[in-house]
Number of protein chains: 4
Amino acid sequence: MTVSHDSLRTFPVVIEIPVQWGEMDAYGHVNNTVFFRFFESARIAFLERCGFLRSYDEVQIGAILHSTSCRFRLPLLYPDTVLVGARAEAIDFDRFVMEYRVFSTAQNAVAADGEGTVVSFDYRNRSKAELPQMVREGLDALKR
Amino acid sequence: MTVSHDSLRTFPVVIEIPVQWGEMDAYGHVNNTVFFRFFESARIAFLERCGFLRSYDEVQIGAILHSTSCRFRLPLLYPDTVLVGARAEAIDFDRFVMEYRVFSTAQNAVAADGEGTVVSFDYRNRSKAELPQMVREGLDALKR
Amino acid sequence: MTVSHDSLRTFPVVIEIPVQWGEMDAYGHVNNTVFFRFFESARIAFLERCGFLRSYDEVQIGAILHSTSCRFRLPLLYPDTVLVGARAEAIDFDRFVMEYRVFSTAQNAVAADGEGTVVSFDYRNRSKAELPQMVREGLDALKR
Amino acid sequence: MTVSHDSLRTFPVVIEIPVQWGEMDAYGHVNNTVFFRFFESARIAFLERCGFLRSYDEVQIGAILHSTSCRFRLPLLYPDTVLVGARAEAIDFDRFVMEYRVFSTAQNAVAADGEGTVVSFDYRNRSKAELPQMVREGLDALKR
C-alpha cells in the first residue's frame, strides 16, 4: 500500500485510494468533504504506525482531532487514484500537528495540502493527557 | 418532526430531511446512495418508536438489516425537503419488512419507494432471535 | 485494477477498493449505504467497458438506474480491501439487470450480493430508448 | 428555515439540519467530514443570498473554495438538530472569508467553528476575477 513519489518523499506514511465516481458533486469535481475523508484515512494509518491505536487499546489514551484544514490546489476528477501522505510536525507534550498531502496520479500533481491537530486524551479520566511513551517512540521511529 | 401528507397517510413514522447541495452527484441529481441514508434515518426513527432500540439496551436483542432495495421514481434536486415514511409489513416471528417512501415537497411527488428486511438478533448468544414481546407490542401500536 | 477470485469468476468486470475507516458507522461496521457506493463504482466501470459511457457522449443515449437492491451477508470492517464484481443479466431491448458481488479479501468471503436495473434513456428526446447497437456489442463481448 | 439563537446572532444566514444516525462513525460521534458538509450547505445558502449563484448564471463568474478549516469544540451525537451560521469577513477585491458556526440544539452549545476562503472565478476566461458588483451589493446588504 505504501507508494513512493517525489512530492511525498518526506511523508513516512502514504496510502493509495482510488477516486470513486460518486465522490464527484454537481460541479463535476471531487467534493471538498472527500478530501477530509482522504486525510482521515491517512491519519488512521499514521496513528496505527506510531502506536496511538495500540495505546488506546492498552491504556485508553487515544487521539482526538482538535482541528483540521485543507488548501485545495487542483480539482480532482474520476478516474484517478490519489496517494495521501501523512507526517507529524510540531510535536508537543500533549499533541502534534499532522500534515497531509493529496497527490493525483492522473494529473501527476499535488491536489491538496492539509493539517490536523491531534491531541492526546485519557478516556478513563476524561481529560487531556501527555503523549504516551510508546507514541513518542513511534513518532521518533517515523521521523528517521 | 412528524409531518403528514396524503402519499404518506399509511406510514406511522414520517421524518423530514432537507436535501443538501453536496448530496448531488456529477449528473446534478441526488446520488442513489443518499436514498439509502434517507431510508436508514426513517428506519432508526421507526425502530425507536416500536421499541427495538430499547430492546437492544435492555436485553441485547436488536435489529439487523438483512437486505434492502429502492425503486427510484423521480430525480431529486437541491433545494428540496423530503418526507420519508416508514412502516412495517409481513411481520413474522423473527423478522419484518420495512417499507419506505420518499416524498419530494418541492415536486409534490413520490421520489422513491423502498423496502428493507429487518431481522431480530440476540447479541449475547450471537444468533437469530424471536421478536421481543415489547417490539411486538410496539409494532401493534404503530399499526393502529 | 481487474483482479480475479473464484467467487468472482463469472464477473467480467471486477474493481478493487480499500475500505476506509470512516465508512464504519456507530455499530462499528461498514455502513449499508457504502455497499451501494461499491455497486455504483463497479457499475460505472462496467458501463465504460460495455460502451454505455461512449454512447452517451456520442448520441446522448445513456443509462439510468431504475432500481437497486442489496443482500448483506457479512459485516465489513476496516481494515479490508473489497473486490466488487459486476455483470449483466436479463438483457432486454431497452434494459438489463446488473448483478454485483462484494468480496472481502480480509475475510476471504462474499460480504454482499446485489442487483440494479439499468434502463436506456435518450437524453435528447427525454424518453426511454432501445439499447444502442454499440452497447449490445459491448455486452456480447463481455459475455464471452 | 432561518432560525435565530444568541450564539448565531452575528450570522445573517442560518440553516437548520437534523443530524442523521448514519453520520456517526465507529467512535459513536458525528464524523469530522460531516462538519464540512454542514459548512458547505451554509455556504451554498449564503452564496445564494449574496448573489453569487445568480452571478454565475448570468455572467459565469462564480465562487471557488480555496481553503477551509474547522475547530471542533464538542462531539455531536444523534439525535440532534444543528443550526449552521455563515457570514462573510475580510472582504477583498477578489475574495472573502466565510465564517461558520455549528450550534447543537440538543446540547445548547457551539459544536464547531470554521472558516472558508471563497475566491471569485471567471469561468469563461478560466481566471480569477474581481467580485461582481451584484455580489458586493449582496454582501453589503447581508452586513446590515
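Copies are superposed by least squares on the C-alpha atoms of residues with pLDDT of at least 70 in both. On that basis, a rotation of 180 degrees with 0.0 Å of shift along its axis brings chain D onto chain A, with an RMSD of 0.0 Å. The two copies are thus related as by a two-fold rotation axis. S69(D) has the C-alpha nearest the axis in chain D, 1.9 Å from it.

The model is predicted: local features need pLDDT of at least 70 and side-chain atom pairs count only at pLDDT 80 or more, while totals for chains, interfaces and linings use all residues. Residues are numbered from 1 along each chain as its sequence is written, and chains are lettered from A and ligands numbered from 1 in the order in which they are written.

**Chain A**

Chain A has three helices and six strands; these are DSSP runs numbered from the N terminus, helices being H or I of at least four residues and strands E of at least two. Their order along the sequence is β-α-α-β-β-β-β-β-α.

| Property of chain A | Value |
|---|---|
| Box filled by the C-alpha atoms, along the principal axes | roughly 45 × 30 × 25 Å |
| Buried share of the 144 residues | 47% |
| Share of contacts with a separation of 6 or more that join residues 24 or more positions apart | 69% |

A residue is buried if 20 or more other C-beta atoms, placed from the backbone, lie within 10 Å of its own. Two residues are in contact if their C-beta atoms, placed from the backbone, lie within 7 Å.

**The interface of chains A and D**

In chain D, 13 residues are in contact with 13 residues of chain A. Both α1 (32–49) and β2 (61–72) of chain D supply at least two residues of the side that touches chain A, and β2(D) gives the largest share, eight residues. This side of chain D comprises four nonpolar, six polar and three charged residues; Ala, Val, Leu, Ile, Met, Phe, Trp, Tyr, Cys and Pro count as nonpolar, Asp, Glu, Lys and Arg as charged, and the others, Gly among them, as polar.

Strand β2 (residues 61–72) of chain A pairs with β2(D) in the antiparallel sense over five bridges, where pairing requires at least two DSSP bridges between the strands. S69(A) stands opposite S69(D) in β2(D). Of the contact residues of chain D, 100% recur in chain A, so the same surface serves both copies.

Conventions:
Buried ≥ 20, exposed ≤ 12 C-beta atoms within 10 Å, placed from the backbone.
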